Structures are given as structure tokens and as C-alpha cells.
Amino acid sequence: MTHLNDPTRNLLLKVLPAEDYARLAPHLELVPLLVGDALYESGDRQHHVYFPVSAVISLHYLLENGGSSEIAGVGNEGMLGVALIMGGNSTPSRAVVQASGVAYRLSAAILLQEFERSGPLQRLLLRYTQALLTQMSQTAVCNRHHTVEQQLCRWLLLTLDRLPTNELKITQELIANMLGVRREGVTVAAGKLQSNGYISYRRGHITVVRRAGLEQDVCECYDVVKREFARLLPPAPAAGALR
């Protein structure tokens, strides 16, 4: 296993006490995830959870008319599959890979077995679920009250926080689907960010040139989500501190 694929690059796995992590480790399966892969469809029974290491997964809510928008993202700060620990086996949302990479898959049965020990894993995942719910509610508020440019800044910053690079491979059409807005709105917003020197955009590829500019123009929603994750989840220990 290379360092880049180390399971403890996922922050939830990293902060688990050594004893709890040791029980999970033999059951973690490394899986490659490609952009566009659907991990769950709306209403599907969830047989596995995923701990992203370098991939980013987007949760979408689908409308009857075929429209959709992102309600949350999951990267190496979290876990895909919280419906299992909340007592359900499915959700009305769809989980699609937004950025290629790898994740560790764990069977639902193993996760629930560990969760029911009522130990550190249970407490950690419940706090993570609260942080995820904050992200979902803040996304809804942001999409209703803030400009497309502010929404794009928020989305770019949250995505960058989950990636080891400042480059994103994504089209404006896909961004529009994420935000639930018209593609023309994204084109105008991206054009403003580029003219301000914050990003460099060419077809299917965005490079963030000046992150501080995005942080200056973003709405308060980004900080709300970041503060809640920092409040609820323990900081990652120094390398080698736990294992």
C-alpha cells in the first residue's frame, strides 16, 4: 500500500483510537472511483459505506422532472452512508463521484457491528452526521439567498479542501447541475472569477490561482460549515501518534 492510499488519510479513520481502528482495518477494501460513478441511487439499499481518501463524492437530490442539485459533498473528512447508522437503509439522494480517486469500502454489517459497541466510533460518526446535516442545511440556505458567484466560490472552496491539488476537472454544465442553476449563470460567475484573477478556466478544467480571492468573495456559508466540522470533529493526530 502506498502512502497516498493509506486508509488513515481519511480523517475519520485517522482519529479512531488504535484498538477501534484495528478491528476495522482487515475489512477495509480499497476501491478506485471514477468521475460519474454512481455509488447509490435514490432509494437503493446501502450494502456498504465509503471512506474517501482522495476521491470526492457528491450527494444529489433528484426531482421528478429530471433536475437535480447537490445537497452535500463527502471527501476525506467523512464517510458516505450515514443513513445506515441513523436507522435507515436508503436515502432519496443519489451519490455520484465528483472527483476521481480512491476510497475504502466497508460492509454495512461490519460498520453496524462496530457502531453498536457504543464506543468511540459511534460517538465520532454521530458528530460527523451532525456536521453533515449542517452542510446540507447551509447549502439549502445558500442556494436560496446568495448569488451564483457566491455559491460558486463556496463550492470551489469546499471542493479544494478535500483535494490535494488546486486543479479541478469539471465542466460548467456539471457545476450548474451541482448548484441547481442555469449553465449561463455559471458561465457569467466563472467569467467574473477569472477576470478577477481568482481562477483560470479552460474547457473542463479549473485551476484556482488565488484562493484568498475566493475566500474574500464567498458568502458566510463556507465559514459556517468549516466551523461546525472543526467544532464537532477532533483534529487529526500527529503522524504516528495513534498507530
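Student: Which residue stands opposite Gly101 in S7?
Tutor: That would be Leu33. Keep in mind that this is a predicted model.
Student: Good to know. How many bridges join S1 to S7?
Tutor: Five bridges join them, and the two strands run antiparallel.
Student: What is the strand order in the sheet with S1, S7 and S3?
Tutor: The order is S1-S7-S3, an open sheet of three strands with antiparallel pairing. S1 and S3 are the edge strands, each pairing on one side only. On average, neighbouring strands of this sheet are turned by 40 degrees against each other, direction ignored.
Student: Okay, salt bridges next. Which residue does Arg105 form a salt bridge with?
Tutor: Its partner is Glu29, and the closest N and O atoms are 2.9 Å apart. Arg105 sits in strand S7 (residues 101-107) and Glu29 in strand S1 (residues 29-33), so this pair ties together parts that are 76 residues apart in sequence.
Student: What does Arg94 pair with?
Tutor: Arg94 meets Glu41 in a salt bridge, at 2.7 Å from N to O. This pair links distant parts of the chain, 53 residues apart: Glu41 is in the loop between strand S2 (38-40) and strand S3 (48-52), while Arg94 is in strand S6 (residues 93-99). Glu41 is partly exposed at 32% relative accessibility, and Arg94 is partly exposed at 24%.
Student: And which residue is the salt-bridge partner of Glu228?
Tutor: Arg231, with the closest N and O atoms 2.9 Å apart.
Student: Is Glu228 buried or exposed?
Tutor: Glu228 counts as buried, because its relative accessibility is 15% and the cut-off for buried is under 20%. Arg231, on the other hand, is exposed, with a relative accessible area of 55%.
Student: How many salt bridges are there by this rule?
Tutor: The count comes to twelve. There is also a network of salt bridges that links Glu19, Asp20, Arg23, Glu114 and Arg117.
Student: Let's switch to helices. Where does H4 lie?
Tutor: Helix H4 (residues 108-115) lies across S3 and S7, and runs at about 70 degrees to S7.
Student: Which residues of H4 are buried?
Tutor: They are Ala108, Ile110, Leu111, Glu114 and Phe115. They cover an arc of only 165 degrees around the axis, so they fall on the same side of H4.
Student: Last topic, the largest nonpolar core. Which residues touch the most other members?
Tutor: Of its 72 residues, those are Met79, Tyr128, Leu152, Trp155, Leu156, Ile199 and Leu214. Helix H6 (residues 148-160) gives this core its largest share, seven residues.
Student: What does Leu156 touch?
Tutor: Leaving out residues up to four places away in sequence, Leu156 touches Leu168, Leu193, Ile199, Ile206 and Leu214.
Student: Great, thanks a lot!

Key:
Residues numbered from 1 in each chain as written. Predicted model: local features only at pLDDT ≥ 70, side-chain atom pairs only at ≥ 80, totals over all residues. Heavy atoms only, no water. Salt bridge = Lys/Arg side-chain N within 4 Å of Asp/Glu carboxyl O. Helix = DSSP H or I, 4+ residues; strand = E, 2+ residues; numbered from the N terminus. Buried < 20%, exposed > 50% of the residue type's maximum accessible area, 1.4 Å probe, protein only. Pairing = 2+ DSSP bridges. Axes fitted to C-alpha atoms, helices over the stretch in contact; angles between N-to-C directions. Contact = heavy atoms within 4.5 Å. Arc of directions from axis to C-beta. Core = buried A, V, L, I, M, F, W, Y, C linked by side-chain atoms within 4.5 Å.
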